[in-house]
Amino acid sequence: DMILEMNPKFKVPARPIKRMDYKDAIQYCRDNEIYKDFDTKTHFEMDDDIPEMQERMMTDKIDEPIFLCRFPYHMKSFYMARCPEDNHLTESVDLLMPGVGEIIGGSMRETDEQKLMDGFKSFGVPPETFYWYIDQRKFGTNPHGGFGLGLERFLCWMLNVGHIRNIPLFPRYLNRAKP
């Protein structure tokens, strides 16, 4: 009831939530004139990052929540597991909501120590700092994943607030970053 008081237009998303692979999102943008560069009408290509504005345009046009899945490895963090059927892709997902864009990002985590070490090297991350993380792989781990919720973006969606700057619990300014 409180949500409807704050946002009378709120509706619970229909299930199942639409799933779309990254490659299909690239094709959707191409088919629907959502450009990488609107001035030059340059289309997205595979391995291009889809910026927030274009991601939101796509989600708003589809007008339903989307689990955007299987991003190229080079676009994601080194600790994300790769897809067994295509080593170029990660077992990753972003939840995109109309009017907001991404509110949750998640992935399966790499469990193989050597692949993790290769990831540290390819991303220029000093492995010494993460000895405890590597030890978990060295001495045994189980397949697992993780995710992060953007609380302020989630509130934008729930309350139908047009911009994230209207959501923080305390105002942030150039010279003030804490309450």
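Select Asn-160 to begin: this residue follows helix H6 and has a positive phi, near 55°. Helices here are DSSP runs of H or I with at least four residues, strands are runs of E with at least two, and both are numbered from the N terminus.

**Before moving on**

This is a predicted model, where local features need pLDDT of at least 70 and side-chain atom pairs count only at pLDDT 80 or more, while totals for chains, interfaces and linings use all residues. Residues are numbered from 1 along each chain as its sequence is written, and side-chain values use heavy atoms, leaving out hydrogens and water.

**Stop 1: helix H6**

Step back into H6, residues 151–159. Which residues of H6 are buried? Select Cys-156, Trp-157 and Met-158. Buried means under 20% relative accessible area, exposed means over 50%, and partly exposed lies in between (1.4 Å probe, protein chains only). Now show helix H1 (2–6) and strand S5 (92–97): the buried residues of H6 pack against them.

**Stop 2: helices H4 and H5**

Select residues 113–122 for H4 and 131–138 for H5. Two packed helices are described by the angle between their axes and the distance between the axes. Here the axes come within 9 Å and cross at roughly 155°. Axes are lines fitted to C-alpha atoms, for helices over the stretch in contact, and angles run from 0 to 180 degrees between N-to-C directions. H4 and H5 are therefore roughly antiparallel. That word covers angles over 145 degrees; under 35 is roughly parallel, 65 to 115 is roughly perpendicular, and the rest are oblique.

Show the side chains next. From H4, pick Glu-113, Leu-116, Met-117 and Phe-120. They meet Tyr-133, Ile-134, Arg-137 and Lys-138 in H5.

Stay on Lys-138. It forms a salt bridge with Asp-135, with the closest N and O atoms 3.8 Å apart. A salt bridge is a side-chain nitrogen of Lys or Arg within 4 Å of a carboxyl oxygen of Asp or Glu. Both residues lie in H5, three residues apart, about one turn of the helix. Asp-135 counts as partly exposed because its relative accessibility is 28%. Lys-138 is partly exposed too, with a relative accessible area of 43%.

**Stop 3**

How many salt bridges does the structure hold? There are nine. Select Glu-45 and Arg-30, whose side chains meet in one at 3.3 Å, N to O. This pair links distant parts of the chain, 15 residues apart: Arg-30 is in helix H2 (22–31), and Glu-45 is in the loop between H2 and H3. Glu-45 is partly exposed at 45%, and Arg-30 is partly exposed at 31%.

Then pick Asp-24 and Lys-23, joined by a salt bridge at 3.5 Å, N to O. Asp-24 is partly exposed at 36%. Lys-23 is partly exposed at 47%.

**Stop 4: helix H3**

Select Gln-54 in H3. Is Gln-54 buried or exposed? At 4% relative accessibility, it counts as buried. Leave aside its neighbours within four places in sequence, and Gln-54 is in contact (heavy atoms within 4.5 Å) with Ile-34, Tyr-35, Lys-36, Phe-38 and Phe-44.

End with Met-57, also placed in H3, which spans residues 52–62. Met-57 is partly exposed, at 32% relative accessibility.
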